[in-house]
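These are my notebook entries on one protein structure.

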Amino acid sequence: MTRPFVLSSVAVSLDGYIDDATSERLLLSNDEDFDRVDAVRAACDAILVGAGTIRADDPRLMVRAAHRRQARVAAGLPESPLKAVIAGHRPLDPAARFFTTGDTAKVVYAATPDIPVQREALAEVASVVDAGDPLDLRAVLADLAERGVERLMVEGGGTVHTRFLAAGLVDELHVVTAPFFVGDAAAPRFVNPASFPYDAGNRMRLLEVRPMGDVILARYQPVRPPEP
């Protein structure tokens, strides 16, 4: 295995935002979809987010349903998948729930110049891995593969989604659309401007459309363009 299967998951407003510009977390989804996401998490070996998601949402990133945790343990797995984060220049807070909840492994990936500050802050709570200069997502995926990760769930935020999609490293994309608008240019969007391999000339393959209450799930398979 050269790299894990990468599944990217996101919930967006009708105008493509993943949050608003307030300090409160914007709930884009509903209970039915939260349960679906929990099932997807339980079927993965690792969950990855960016540092901005940890700072903004303080997520635990754990499997919530007891029966799913029990099923993982019965299969010889930890209750929740390995947790990974892509860090930047600023040190992450070791008191964040990402680090303090769950017995699963926590791994921090950073570019070479940022390794000292992240290790100083996080050496007691996570493995800090040098992912190159500049940070190379393929090095991140290779390290995860060496840790036994076969299926990776990428949960955001926008910068991380942009990097994985622009690099052509997403194997399946789940987009849940909420029935409202955010309409604030200061709010974060699903992706940032980038050169994506999936455009009007290389459309993604639609795998499924599923209504869940007042939201809609669309599952896509990115189709890589032929090698030049």
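Predicted model: local features only at pLDDT ≥ 70, side-chain atom pairs only at ≥ 80, totals over all residues.

Residues are numbered from 1 along each chain as its sequence is written, and side-chain values use heavy atoms, without hydrogens and water.

**Entry 1: backbone angles.** I recorded that most residues other than glycine have a negative phi, and most peptide bonds are trans. D58 counts as partly exposed because its relative accessibility is 29%. L61 also has a positive phi, of about 55 degrees. Is L61 buried or exposed? I found L61 buried, because its relative accessibility is 3%. D58 is in the loop between α2 and α3 (66-74), and L61 is placed in the loop between α2 and α3. Here helices (H or I, at least four residues) and strands (E, at least two) are DSSP runs, numbered from the N terminus.

**Entry 2: cis bonds.** I found a cis peptide bond from D133 to P134, with omega near 0 degrees. P134 belongs to the loop between β5 (127-130) and α6 (137-146). The bond from G156 to G157 is cis, with omega near 5 degrees, and G157 sits in the loop between β6 (151-154) and α7.

**Entry 3: strand pairing.** Two strands pair if DSSP finds at least two bridges between them. I noted that β7 and β9 are antiparallel, over 5 bridges, with V176 opposite L217 in β9. β8 (residues 205-212) and β9 pair in the antiparallel sense over 7 bridges; P211 has I216 in β9 as its bridge partner. β8 and β9 form a hairpin with 2 residues between them, and G213 in the turn has a positive phi of about 65 degrees.

Definitions and conventions:
Buried < 20%, exposed > 50% of the residue type's maximum accessible area, 1.4 Å probe, protein only.
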